[in-house]
Amino acid sequence: MKVEYINPFIESVVEVFSTMLDTDAVRGDVGVSRAAASNPRDIMALIGLSGDARGTVALSFPTATAVAVVSKLLDINTKTVDDTVCDAIAEIVNMVAGSAKAKLTGDAGLPLDLSLPTVVRGRNFEVEYPTKSIWLEVTFESGLGPFNLRVTFEKL
Amino acid sequence: MKALVVDDSAVMRKVLIGALARADITDVEQAADGQEAVKATEREEFDLVLMDWNMPNMLGIDAVKAIRANGKTMPIIMVTTEAEKSRVVEAIKSGANNYIVKPFEPATIVEKIQSVFK
């Protein structure tokens, strides 16, 4: 995976937080992981990209950040991770992936499709992907708490 | 005015219903996929439809085509993460009246709604 491929995803995270959550998200350094990636946080939303490229985008949130995101998005006060929180996190990763997809393909509209998002709770699992995949990871700080972005992406 | 909000995400439906309220549209039905949306429009009349693209069972774009094939003429606004121009063109050709890319600011929803009723 080329390092520059992660930039559209980083930009999209910033846009989604700014537009939908009225909150700044500030990125940290980009790290690389060749190993299967275990969940660094409490709740992870993943979405697949397929077509002329293949990849996976994952956002991982501590519980406190996840509930803060949902509370802000829906203007409610929730404290626990429930279906609404999982649904919201799924929608956030969907918007990030969709926005990044448009940036990656440009106006040419190369055929790239998004899968429906999946949400996983808990830390005791690993995300496997085809051999030799490289995951790039960025930690973000935001007004709603920290979270992680992970991306593996290859043009075919 | 009665609106139909179509999105497989219950959270996004709530967000859209909140945005519709800013346009003083509070009579809102919900559908979780394209199939439900088509059935809802066959069952009752709507003045406006907000339609997601990527949904299980039936894509939003196919629901738009089906609704138009049924002779329904209410404004349909796509609200989707599909941001490529080719997708916008496909949606408009299929019968959508306007297009909103997620993420969006609530004010954008109000503006687009007002624009389809001008």
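**Fold, core and chain contact in a predicted model**

I134(A) is found in the loop between β7 (126–127) and β8 (135–142) of chain A. Helices (H or I, at least four residues) and strands (E, at least two) are DSSP runs, numbered from the N terminus. The structure is a predicted model, in which local features need pLDDT of at least 70 and side-chain atom pairs count only at pLDDT 80 or more, while totals for chains, interfaces and linings use all residues. Residues are numbered from 1 along each chain as its sequence is written, and chains are lettered from A and ligands numbered from 1 in the order in which they are written.

I134(A) counts as partly exposed because it has 16 C-beta neighbours inside 10 Å. A residue is buried if 20 or more other C-beta atoms lie within 10 Å of its own, exposed if 12 or fewer, and partly exposed in between; C-beta atoms are placed from the backbone. The C-alpha atom of I134(A) is 9.3 Å from that of E154(A), a residue 20 residues apart from I134(A) along the chain.

Chain A contains three helices and nine strands. From the N terminus, the order of its elements is α-β-β-β-β-α-α-β-β-β-β-β. Chain A has 156 residues, of which 44% count as buried. Two residues are in contact if their C-beta atoms, placed from the backbone, lie within 7 Å. Among the contacts in chain A with a separation of 6 or more, 69% join residues 24 or more positions apart.

Confidence is given as pLDDT, the predictor's confidence in each residue, from 0 to 100. The average for chain A is 85, and 88% of the residues score at least 70. Within chain A, helix α1 (residues 7–21) has the highest mean, 94, and strand β2 (residues 37–38) the lowest, 58.

The largest nonpolar core has 80 residues. Such a core is a set of buried Ala, Val, Leu, Ile, Met, Phe, Trp, Tyr and Cys residues joined through C-beta atoms within 7 Å. L59(A), V69(A), I89(A), I92(A), V93(A), V96(A) and M51(B) have the most contacts inside this core. Helix α3 (residues 83–105) of chain A supplies the largest share, twelve residues. Leaving aside neighbours within four places in sequence, M51(B) is in contact with residues including V6(B), A37(B), G60(B) and V79(B).

The contact between the chains takes 21 residues from chain A and 19 residues from chain B. On the chain B side, α1 (10–22) and α4 (85–94) each supply at least two residues. The most come from α1(B), with five residues.
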